[in-house]
Each structure stands twice: as C-alpha cells, then as structure tokens.
Amino acid sequence: MNRYVLIAGIICAEALGVSAQTQSKQVRRLEKQRTEMQKKIEKTSRELQLIQKHGAEEHKRLKLVQEQVANRKEGISVIGKEMEVLQGQIDSLGGRIAHLRNRESRILAQYAQSVKALQHSKEGRNQMIFLLSAKSIGEARERQHFLSKYALSASRLAKELKETRGEIQRTQDVVNATHDQKAVTLALRDKERKALEVEEGKHSSNISNLKGQEKKLSQDLARQRRQASQLDAQIQAQIAAEIAAAEVRARKEQELRERKRRQVQASKQSRTKEP
C-alpha cells in the first residue's frame with residue numbers, strides 16, 4: 001500500500017516539475033500578454049470614467065444654459081407684449097392729438113374767419129351802426145355782450161383744446177420714453193439670448209463629441225475584456241494540456257522504472273535459486 005502511495009507522489013512531483021518548466025515558455029508568454037491587456041483595460045477604464053465625468057459636467061452646464069435661454073425668451077416675450085400695449089397707447093394718443101389739433105385748427109379758423117368777416121362786412125365796417133341800430137340801449141348792450149361772448153368763447157375753447165393737446169402730448173412723451181427704454185432692454189435681452197444660444201450650441205457639440213468618444217472607449221473596453229477572457233481561457237487550456245502531457249510522461253517513466261525494478265528483482269531471484 002505504501003509503495004503505491006509513493007509511486008503516486010513521484011508521478012505528481014514529476015508532473016509538477018515538468019509543468020513548471022513548460023510554463024516558462026508558452027504559459028508565461030500568454031500571462032505576459034494578459035498582463036499587458038489588463039494594463040490596457042485599466043487605462044481605457046480610466047479614460048472612459050474621465051469622459052463620462054466630463055459628459056455629466058457638460059450636461060449640467062447645458063441644462064443651466066438652457067434654463068437661462070428659456071428665461072431670456074420668457075422675458076423677451078413679456079417685454080414684447082408690454083411694448084405692443086405701449087405701441088397701442090402711442091397710436092391711440094397720437095390719433096387723439098391729431099384729432100384735437102384738427103378740431104383746434106377748425107375752431108381757430110372759424111373764429112379768425114368770423115372776425116375777418118366782421119371786419120370786412122358792412123356790419124363789420126359799421127359795427128357802431130350794428131350796435132346803434134338797436135331799438136334800445138338794452139338791446140345794444142345785448143348785441144355788444146353777444147359779440148364779446150362769442151369771441152371769448154372761441155378763445156377759451158381754443159385754449160382748452162391746446163391745454164388738452166399739451167397734456168396728451170406729455171403723456172405720449174412718457175409712453176414713448178417707456179417704449180424706448182423697453183426697446184433697449186429688449187435688444188439687450190435678445191443679445192444675451194443669442195449669446196446663450198451660441199454657448200448652448202457649443203455645449204451640445206461638446207456633449208455629442210464626448211458621447212462619440214464614450215462609445216468608442218466602451219467598444220474598446222469590451223473588445224479588450226473579450227481578449228483578456230480569451231487569454232485566460234488559453235492560459236487555463238495550456239496549463240491543463242501541459243499538466244496532462246507531463247502526467248503521461250511521468251506515468252511512462254514510472255512504468256519504465258517499474259519494469260526495470262522487476263527485471264532486477266527477477267534477476268536476483270534467479271541467481272538465488274541457482275545451486
């Protein structure tokens with residue numbers, strides 16, 4: 001029994017010795033390739049992580065810029081609506097001013113025409129006759145009061161129209177100033193919007209480029225990992241093949257030694273039996 005255990009130990013020792021010797025060539029070459037591939041995998045993984053980090057940062061920047069663009073557009077929309085209202089007020093005030101000017105001009109023209117008519121008509125040239133032709137002093141006073149009242153009324157109406165026109169003009173000036181101020185603000189916001197849209201385009205382009213790099217690195221990493229797995233399989237297969245071959249050689253050598261031992265033993269037994 002002990003002899004068989006010893007034989008098995010000798011076989012294993014020889015197999016391991018042969019295996020260790022063979023690994024210095026085929027297996028070590030494959031292990032070197034696997035080590036180099038592992039370094040490539042680690043390098044590609046670091047690059048991929050860095051690209052993914054940059055991509056996440058670019059997404060944050062893009063989101064922030066998009067929010068700013070949306071705010072600018074909303075502000076521009078609000079200012080645009082306010083300017084439309086102001087423009088409507090300006091147009092309305094302009095129409096009122098034009099209407100009052102026309103009315104004032106007509107009243108002043110009528111008043112001037114009336115005065116001129118009185119000056120050049122027979123009644124105008126003979127206002128005293130018009131006044132003295134009254135049947136009584138009371139009627140003369142009424143006629144004088146009528147003439148004065150007519151002139152005063154026309155003058156007062158023209159003055160009121162002028163004051164009203166001036167008030168409307170001042171209101172229009174304020175509205176115009178507000179409109180101009182908002183136009184400046186609108187131009188500024190629109191300029192900011194365009195600049196932000198340019199920045200938005202740059203971030204979108206960067207993200208697109210980073211996605212392309214990430215895709216390529218992911219593909220490279222997957223390919224390198226497949227190659228590493230293939231190398232692992234080749235190493236395991238090579239080691240198994242070498243161990244199997246070593247075991248076969250060890251068994252043959254052991255069988256050869258066993259035959260020699262038996263031959264020696266048989267030879268000794270035959271010499272012992274001789275007389």
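Q: Where do the side chains of Lys194 and Asp190 meet, and in what kind of link?

A: A salt bridge pairs a side-chain nitrogen of Lys or Arg with a carboxyl oxygen of Asp or Glu within 4 Å. In this predicted model, Lys194 and Asp190 form one, with N to O at 3.5 Å. About one helical turn separates the two, because they are four residues apart in helix 4. Lys194 is partly exposed at 46% relative accessible area, and Asp190 is partly exposed at 22%.

Q: Which residues join Lys194 and Asp190 in one network?

A: Here you follow shared partners. Arg261 and Glu258, three residues apart in helix 4, form a salt bridge at 2.3 Å, N to O. Salt bridges that share partners join Lys73, Asp190, Arg193, Lys194 and Glu197 into one network.

Q: Which parts does the pair of Glu192 and Arg72 tie together?

A: Start with the contact itself: the closest N and O atoms of this salt bridge are 2.7 Å apart. Glu192 belongs to helix 4 and Arg72 to helix 1, so the bridge links parts 120 residues apart in sequence.

Q: Is Glu58 buried or exposed?

A: Buried means under 20% relative accessible area, so Glu58, at 11%, counts as buried. This helix 1 residue is in contact with His203, Asn206, Ile207 and Leu210, leaving aside neighbours within four places in sequence.

Q: Which residues of the largest nonpolar core touch the most other members?

A: Look at Met37, Ile41 and Ile235, among 13 core residues. Helix 1 and helix 4 each supply at least two residues of this core, and helix 4 gives the largest share, seven.

Notes. Residues numbered from 1 in each chain as written. Predicted model: local features only at pLDDT ≥ 70, side-chain atom pairs only at ≥ 80, totals over all residues. Heavy atoms only, no water. Core = buried A, V, L, I, M, F, W, Y, C linked by side-chain atoms within 4.5 Å. Buried < 20%, exposed > 50% of the residue type's maximum accessible area, 1.4 Å probe, protein only. Contact = heavy atoms within 4.5 Å.
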